[in-house]
Amino acid sequence: MNNDCEITSITTTTDWRNVDYFQDVISTDLQIAAHDFTILNMSIASATEKTAGYMSLMHRVIFEVQVHVGSVEQVKQLSFIVKEKSDKTFGGEIVETIKAFPKEIDVYSTILPVFEELWKEENVKFGPRVLKVTSSPFTVIIMEDLKLFGYRMKECSTGLDREECERVLEKLAKFHAASVVYYEQKGPYTEDFKDGMFSDSLITEFEQYYAPLLDSYLEALKELRYPNHIIEALEPLRGNIYSKTSKLFRLDTTKFNVLNHGDVWINNIQFNDNDLLLLDYQISFYGSPSFDLLYFIINSASLDVRTEQFDHLIAHYHRHLGYGMRKLNAKTQVPTRQELDNDIQAHGFLVCVTSMEGLAMMLAMPELELDMNLLLSAELEGVEFRKKLYTNVRFVKMIEKLIPFMWERGFLVYD
């Protein structure tokens, strides 16, 4: 057994932490009947670091299984990932409001199989294989353990190089193309996919989250002696930055729209030598593809690639989007490069918001352990925590490139 795992005893029938719950999972994985194997041992450990996510708990469950088919007796070790809805995570009622788990279950169980069927000729996969989902009396998603197939997460603090970004954008273009054809064939996505990370329905919950971040971000820019015109552009957003950003991402049915993954960043991408898969579809939404593009490039590209290769990466995505839509015989017209550029321009303020939240957190790791309570706190401890977030060396180097980039591109215009 894996020494990192902690043996967990059977708890209650309202929990997944027991061998009986996994009988059909193992049967499906091994493609044998339940009476053809015996579970010898079960252990559970955390599958992610504390900072990897905050709307769910991730576990790695490892089994020793004795297989006895015919006269053959063989002991196998199996591993699965369990994604669990829990009241121990940050998010609380927000997880319910945005329908995070029903949405992700729908993506894994219904939507991705159709996307992958559309791309079956090229054997394109978009996520891990899901072996079981349960919505009541507890909510979990049981997935294959990608580690067994050579998939790994890249180091988030350094970011992805140009070639790695191109690989992600190729997969994202195929995902978006499939989402367009899915819409054409099956009609609109369900109401659950109306809202993503920025939504009018979440202003009450999230405005108070972003307010102290912007305050501390502005203080950091002042201390770093950024020009007054930069500070003056952002000052009016104190107390309403989330609502302004949400307004940008209201669905415009007259424009080109796709199913956005909604949270494409380095920790939600698993690479192996030949492929990559996307994880965590809890905040997927239907709308402008600019969200996925800006969010991914700004959060995940390395320091130089993020700004110096920005146009190249957009062009790379655009070429592969066109290829994907033609390959899948989409009826929807592929947006021109100019139309895509205009759409990115219209949504460009997301770059600023991303730089002060997700990107800042990523660059602070591992030196600064993420504490969501301190991040939101108005007390002195919270102010000091955010100051450390915005004054670490990697953040300062990043913002030296990103501030001029945002200003020159007009991304600090938010109306």
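Contact here means heavy atoms within 4.5 Å. By that criterion, Arg162, Cys165, Glu166, Leu169, Glu170, Leu172, Ala173, His176, Ala177 and Val180 in H4 meet His312, Leu313, His316, Tyr317, His320, Leu321, Gly324 and Met325 in H10. The model is predicted.

**Packing of H4 with H10**

- The axes of H4 and H10 come within 8 Å, and the two helices cross at roughly 35 degrees.
- The crossing in which H4 passes H10 is right-handed.
- By class, the residues of the contact between H4 and H10 comprise 10 nonpolar, 5 polar and 3 charged.

**Packing of H8 with H10**

- Helix H8, residues 290–300, packs against helix H10, residues 310–327, at an angle of about 140 degrees, and their axes are 11 Å apart.
- Because of that angle, H8 is oblique to H10.
- H8 and H10 form a right-handed crossing.
- From H8, the residues Leu293, Leu294 and Ile297 take part, and they meet Phe310, Leu313, Ile314 and Tyr317 of H10.
- The contact of H8 with H10 is made up of 7 nonpolar residues, with no polar and no charged ones.
- Leu313 and Tyr317 of H10 meet residues of H8, and Leu313 and Tyr317 are also listed in the contact of H10 with H4.

**Packing of H3 with H4**

- Helix H3 (residues 100–118) and helix H4 (residues 162–186) cross at roughly 105 degrees, and their axes come within 9 Å.
- H3 is therefore roughly perpendicular to H4.
- On the H3 side, Thr110, Ile111, Leu112, Val114, Phe115 and Leu118 meet Phe175, Ala178, Ser179, Val181, Tyr182, Gln185 and Lys186 of H4.
- The contact of H3 with H4 contains 9 nonpolar, 3 polar and 1 charged residues.

**Second largest pocket**

- The volume of the second largest pocket is about 380 Å³.
- Its lining consists of 21 residues, and those nearest the centre of the pocket are Lys255, Phe256, Glu339, Asp343 and His347.
- Strand S10 (285–287) and helix H11 (337–346) each contribute at least two residues to the lining of this pocket.
- The element that gives the most to the lining of the second largest pocket is H11, with 5 residues.
- Divided by class, the lining of the second largest pocket has 10 nonpolar, 6 polar and 5 charged residues.

- The structure contains 1 cavity of 30 Å³ or more.
- Met197, Phe198, Tyr210, Tyr295, Asn299, Leu350, Val353, Thr354, Glu357 and Gly358 line the largest cavity.
- H8 and helix H12 (350–356) are the elements that give two or more residues to the lining of the largest cavity.
- H12 gives the most to the lining of the largest cavity, with 3 residues.
- The lining of the largest cavity comprises 6 nonpolar, 3 polar and 1 charged residues.

**Backbone geometry**

- The peptide bond from Ser136 to Pro137 is cis, and its omega is near 0 degrees.
- Pro137 is placed in the loop between strand S5 (130–134) and strand S6 (140–144).
- Arg225, a residue other than glycine, has a positive phi, near 60 degrees.
- The loop that holds Arg225 lies between helix H5 (203–223) and helix H6 (228–234).

Note on methods: Residues numbered from 1 in each chain as written. Predicted model: local features only at pLDDT ≥ 70, side-chain atom pairs only at ≥ 80, totals over all residues. Heavy atoms only, no water. Axes fitted to C-alpha atoms, helices over the stretch in contact; angles between N-to-C directions. Helix = DSSP H or I, 4+ residues; strand = E, 2+ residues; numbered from the N terminus. Parallel < 35°, antiparallel > 145°, perpendicular 65-115°, else oblique. Left-handed = near helix turned anticlockwise from the far one by under 90°. Nonpolar A, V, L, I, M, F, W, Y, C, P; charged D, E, K, R; others polar. 1 Å grid on protein atoms, 1.4 Å probe; cavity = no way out; pocket = protein on both sides within 12 Å on 5 of 7 lines; lining within 4 Å. Points joined across faces, edges and corners; volume = space filled by probe spheres on them.
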